[in-house]
Amino acid sequence: MLRALILLLLAASPALARDVAVVPGQGTLANAIAGADPGDVLHLSAGVYGGAVVIDRPLAIIGPAGAVVDGLGHGTVITIDAADVSVKGITVTGSGMRSPDLDAGIKILKKADRAHVEGNHVLGNLHGIDVHGGFDALVRGNTIEGTQNPRMNDRGNGIYVWNAPGTVVEGNSVRWGRDGIFSNTSRKGTYRNNLFRDLRFAVHYMYTNDSEVSGNVSIGNHLGYAIMFSNKVILRDNQSLGDRSHGVMLNYTNSSDISGNLVRGGANRCTFIYNAHKNLIYDNRFEGCAIGIHFTAGSERNVLTGNSFIGNREQVKYVGTRDVEWSFEGRGNYWSDHPAFDLNGDGIADSAFRPNDLMDHILWSQPAAALLMGAPAVQLIRWSQSSFPATLPGGVVDSAPLMAPITITVSPEFAALEATAAANRPKGLNDDLDLDDLGTH
């Protein structure tokens with residue numbers, strides 16, 4: 001019995017792992033997997049490998065981009081059903097298109113822990129990479145292009161993470177499909193340095209806690225970063241360039257750190273904060289949107305400091321009747337429309353700033369009143385409120401406005417993509433999203 005156990009351990013030892021060459025053809029990859037020992041490395045050469053495969057033992061599959069694993073339109077192309085599997089450098093295409101089955105290019109199942117999916121081209125599948133229950137997965141450096149079904153909600157996600165703690169998604173390029181990353185009912189994930197284009201949402205969070213979204217770039221999507229029903233999220237140093245509806249949305253998001261993000265141009269709202277509490281929102285730059293920040297639905301105990309509101313048609317839309325202070329420990333925010341003075345040179349304006357007045361509140365409830373904006377009576381009301389602040393309604397008050405904005409640089413490569421997205425944007429499109437349409441799918 002002891003001898004048999006020793007032989008079994010030696011057979012599973014990485015030191016005895018083989019390098020196995022696999023030739024293209026129908027079923028050749030599936031046959032190679034069936035004949036492989038744990039720890040073997042299967043090297044694919046250029047060509048088409050027809051048929052879906054299941055990896056049910058620790059293996060590495062490596063190949064050039066010219067090695068194409070084609071699922072031929074049925075189910076998931078590559079299913080990882082064992083721990084410690086690597087899939088690197090190949091092209092994966094041809095999944096089925098059944099949404100109820102979550103057909104995908106690559107699917108990582110429960111208990112298939114520590115999967116590495118790196119440097120692949122995952123093209124034209126329903127979902128690109130589905131991390132469906134495996135812990136500590138690494139999804140890095142992949143190019144993922146989804147379907148372009150005319151109905152965006154019928155497409156799949158570039159990367160779908162479900163109940164997969166410890167997942168790291170970094171350095172991927174995701175285009176087309178529905179959402180770039182959809183993280184649902186998970187925790188302790190890290191999603192960083194990815195590029196998202198031509199999607200519904202770049203990053204869509206539902207019930208994902210204790211996690212990080214950092215260094216990502218969203219260009220020309222309907223919405224950049226939707227953090228919903230999630231707590232203790234770090235949303236840091238991301239960029240939303242020309243996203244159509246919102247740059248950042250916090251919906252039932254609590255106790256989170258929102259910092260260093262840039263939202264620029266295109267958006268109906270740079271940021272939408274809806275029923276979100278106890279968040280620290282600082283050192284962000286919100287620029288060139290119809291509304292800089294829309295703050296509503298009883299959101300309380302949030303700290304906003306060090307942010308820059310630049311050239312937004314309406315800097316703040318606050319739905320409420322009481323005063324809300326937007327400064328912290330003597331440091332407020334920068335407002336491009338605040339005619340401020342700083343006589344002592346400390347970088348803090350000498351007067352407080354209120355971004356909204358009574359006429360703003362009237363316009364929110366009665367949009368037709370916009371026809372009267374140039375009327376002398378309206379100008380008199382606004383002059384009176386600026387001269388007698390006690391007549392102002394409840395709203396945002398910044399008691400320590402900053403004199404200078406923060407600067408967040410955009411690389412020339414991303415600026416060029418931003419310009420292209422703006423040029424190709426459909427004219428007259430209504431890009432305002434209804435919260436009821438956001439869903440969980």
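**Ground rules.** I worked from a predicted model, in which local features need pLDDT of at least 70 and side-chain atom pairs count only at pLDDT 80 or more, whereas totals for chains, interfaces and linings use all residues. I number residues from 1 along each chain as its sequence is written, and side-chain values use heavy atoms, with hydrogens and water left out.

**Whole chain.** I looked up the secondary structure and found 5 helices and 41 strands, taken as DSSP runs (helices H or I, at least four residues; strands E, at least two) numbered from the N terminus. Of the 441 residues, 52% are buried, meaning under 20% relative accessible area with a 1.4 Å probe and protein chains only, while exposed means over 50%.

**Helix α5.** I then turned to α5 (residues 412-423), whose 12 residues reach 17 Å from first C-alpha to last, close to the 16 Å expected at 1.5 Å a residue, that expectation being 1.5 Å times one less than the number of residues. Phe414, Leu417 and Glu418 are buried in α5. They lie on the same side of α5 because they cover an arc of only 105° around the axis, the arc being that of the directions from the helix axis to the C-beta atoms. The exposed residues Pro412 and Ala423 sit on the face turned away from the buried side.

**Disulfide.** I searched the whole structure and found 1 disulfide, defined as a pair of cysteine sulfur atoms within 2.5 Å. Cysteine 270 is joined to cysteine 289, with S to S 2.0 Å. The torsion about their S-S bond is about 90°, so the disulfide is right-handed.
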